[in-house]
Amino acid sequence: MTYVEYKQLNPFQRFAYNFKNFIFNVPHAVAKFFKALGRAIVRFFTGIGKGFKNYGVTFVKGDWATKLSYLIFGVGDIHKGKYYKGILFFLVEVLYILFMVFFGWTYLQKFNTLGTVKTHQAFNEMGIPETVYGDNSMLILLYSVLAIVVTVVVFAIYIANIKDAYRHQVMRAEGKKPTSLKTDVKEFLDGKYHITLLSFPVLMISIFNILPLIFMVLIAFTNYDQSHLPPGTLFTWIGFDNFGSLFNFVDSATKATTFIELTKWTLIWAVVATFSNYILGMIVALMINKKGIKLKALWRTLFVIAIAVPQFVSLLLMNQMLQTNGAINIILSYFNGGVNPQIQFLNSTTLMARLTVIIVNLWVGIPYTILSMSGILMNIPEDLYESARIDGAGPVKTFTKITLPYMIFVTTPQLITSFVGNINNFNVIFLLTGGGPSTEEFYQAGRTDILVTWLFNLTMNSQDYGLAAAIGILVFIVCATLSLLIYNNSKSMRDEEAFS
Amino acid sequence: MIKSYKLRRVISNTLIYALLIILGIIWISPFVYLVMHSFRAEGLIAVDYLVPREWTFQNYIDLFTGAGGSASINFPKWFLNTLIVAIFSCIIATVSVLMVSYAFSRLRFKSRKKFMNVGMILGMFPGFMTMIAIYYLLKAMNLTGTLVALVICYSCGAGLGFQISKGFFDTVPRALDEAATIDGATKNQIFWKIILPMSKPIVVYTVLTSFIGPWTDFILAKIIMGDNIEYYTVAIGLQKMLSNDFINTYYKQFLAGSVVVAVPITLLFLKMQKYYVEGVTAGGVKG
């Protein structure tokens, strides 16, 4: 399509055109992503190759102290007079060895089996039966992951130690003295300030975000469920069986049915919830921000209160109001000749429950759309309108030619973000219906459960940890792909210095 | 022509006002219902009329004195738990967010972009993914069911939420930094003496959001606390009041408790609404 043709389209056609382009671009973007991934992998391995080369070259060129640093951390630094750093390096090695000998290795050596000795009853030498505690698969897995992460970190420190030793050797050859502790500390408040600032958050994130992620991914490949619960019993590696059971309609029919049905409903839910909120929210935002409408702040506040009140309060309240003797049925009774119609919104039919959830979600979601749209509407440059007025454009024309295209252009990324958000919309489903109406056909799920709430049930109620982790990984793959697509298409990263 | 144009505008505006009034009523009425019935004296659970017949403060008094029969329902204790968790996680979270966003906004170092990418992608992961794993981790450390675990959960990932405050730091003119550097200030001094005093709004915003978090979070607290009812936060505590064993005696106290939690948070939120809009649009407009 040429530029002229594009300009002749009305905003909805343009939106459709852009949207179509976006969808068609997805394979391209995915291809680009994998190409970039491939390049990154190649770069990674050439980096490793280079690292090995440097490792050898430094060893050949190094003096005795540098060479000894290959075995004992920090010797090079101490020899060159950089005492505190050398001692720190040495301490790291000592601590690491102690950690591995007394803690890490005991778990790491059982990593391939996740333990072989069950907790059992045995007779001690007095002939009295007592419980003998065996291996705890979960702790073995967890501490093995910890030991591996620690090893990676220590390896990085080891390399840093060698580099530092060689750097100081070169400095001595050039007749320079190593910097003192005082100047180094000063450097950490200035030139290396980023290390000071980032080390604490990075440490926290590694322990409580990255480590759990690795751990959870590994759990998906084990048979950790209600009949393999440590410390009483052991669990072990089972490969892709958890993923397989989600698609196997022969051996695990209920699980597979549940998975397929819930996936369908999750997708329907995400699409309907996202678009209904977006379109209706945009209409309300336009009404509030229309020229000549007074009390704008008041209208906006009315809606914003729905965001401000904690979701668990408003949703639990909604749940109570939708019961057969709740407020909604009471209001309906005024239209029903004073007789309570006793409509069961949440636990009669699937369709009714799903419709109710979607409508209540409108009540929850529209204020968010209004809030972000209002900001955007106020951001539309006033001179656009002014020049349109001078050119003789009426209100209808300015709306279809300026306001609408601008909004649609600006908010398309948000649309996809909220789609991902809705796939993970735990609160609305869990607090409103609790998954109901319940059914026998599903495994640990009800008719309105989405994948995320099913995952929650699997962990908290039936302790199918392995299965839950597998579902988590699948959901994560979908969400991460979508997020990466948006992220690669968004300009805010490139524009970060626009204002400074 | 002009007359008809004016007329049309009057009609359309009237229509819009009418619609806005109806919508406003729909959006606000659940809360009016909530507040009204929290003062209701008669009846136990729901009643078949909308406006209470007798008004009383008794529900609020019962809520805070623990009158109601069951020792396990202890709202004052839950309130205190939440307050403690909120204060500690607020301090840790604010400090980490500000440190990370200043480093990414103002300092230029090797692999800064890489760190930011990893941070952003980790931040995009649905929170529940790590929650379940964190649960295992805390279980192994024997921390599940304690307040420490909650503080850790709410504050440890906070550094990933750096985007909004980084966006704010980005708008502070770099000329200020350069001038300070010429005068011999270190990066540390620039951070404390120039950027932070100029960024009061974003500091307030960060403090408030991380303070509000524990009051509104539901799922994480539920996973961590399980049946350890003594250390519940208000969110899961109030949900407990609606469970089958307690709903008959505690329904009205639930309403009162919801008002007690919702009112301060609503006020705080309305105060910081404008920062929220700025943050959302700063991320969105350029997208």
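**Exercise 1. Find which residues of α6(A) meet which residues of α8(A), and describe the contact and the crossing of the two helices.**

Solution. Start with the residues: on the side of α6(A), A:L141, A:L142, A:V145, A:L146 and A:V149 take part, and they meet A:L211, A:I214, A:F215 and A:L218 of α8(A). Two residues are in contact here if their C-beta atoms, placed from the backbone, lie within 7 Å, and helices (H or I, at least four residues) and strands (E, at least two) are DSSP runs numbered from the N terminus. Next, sort the residues by class: the contact of α6(A) with α8(A) has 9 nonpolar, no polar and no charged residues. In this scheme Ala, Val, Leu, Ile, Met, Phe, Trp, Tyr, Cys and Pro are nonpolar, Asp, Glu, Lys and Arg are charged, and the others, Gly among them, are polar.

Before going on, note that this is a predicted model, in which local features need pLDDT of at least 70 and side-chain atom pairs count only at pLDDT 80 or more, while totals for chains, interfaces and linings use all residues. Residues are numbered from 1 along each chain as its sequence is written, and chains are lettered from A and ligands numbered from 1 in the order in which they are written.

Now turn to the geometry. Two packed helices are described by the angle between their axes and the distance between the axes. The axes of α6(A) and α8(A) come within 10 Å and cross at roughly 130°, where axes are lines fitted to C-alpha atoms, for helices over the stretch in contact, and angles run from 0 to 180 degrees between N-to-C directions. The two helices α6(A) and α8(A) are therefore oblique to each other, since angles under 35 degrees count as roughly parallel, over 145 as roughly antiparallel, 65 to 115 as roughly perpendicular and the rest as oblique. Their crossing is right-handed; a crossing is left-handed if the near helix is turned anticlockwise from the far one by less than a right angle, and right-handed if clockwise.

**Exercise 2. Describe how α5(A) and α6(A) cross.**

Solution. Take the angle to begin with: the axes of helix α5 (residues 83–108) of chain A and helix α6 (residues 137–173) of chain A come within 10 Å and cross at roughly 155°. That angle makes α5(A) roughly antiparallel to α6(A). The handedness of the crossing of α5(A) and α6(A) is left-handed. Then look at the residues, among them A:F89 and A:V92 in α5(A), and A:A147 and A:V150 in α6(A). By class, the contact of α5(A) with α6(A) holds 12 nonpolar, 3 polar and 2 charged residues.

**Exercise 3. Work out how many residues each chain gives to the contact between chain A and chain B.**

Solution. Chain A gives 84 residues and chain B gives 75 residues. On the side of chain A that touches chain B, helix α8 (residues 193–219) of chain A gives the most, with 15 residues. That side of chain A divides into 53 nonpolar, 25 polar and 6 charged residues.

**Exercise 4. Judge the confidence of chain A from its pLDDT.**

Solution. The pLDDT, which is the predictor's confidence in each residue from 0 to 100, averages 83 in chain A, and 96% of the residues score at least 70. Among the elements of chain A, α5(A) has the highest mean pLDDT (90) and helix α1 (residues 3–8) of chain A the lowest (74). Over residues 491–500 of chain A pLDDT stays under 50. Where pLDDT is low, the predicted coordinates should not be read in detail.
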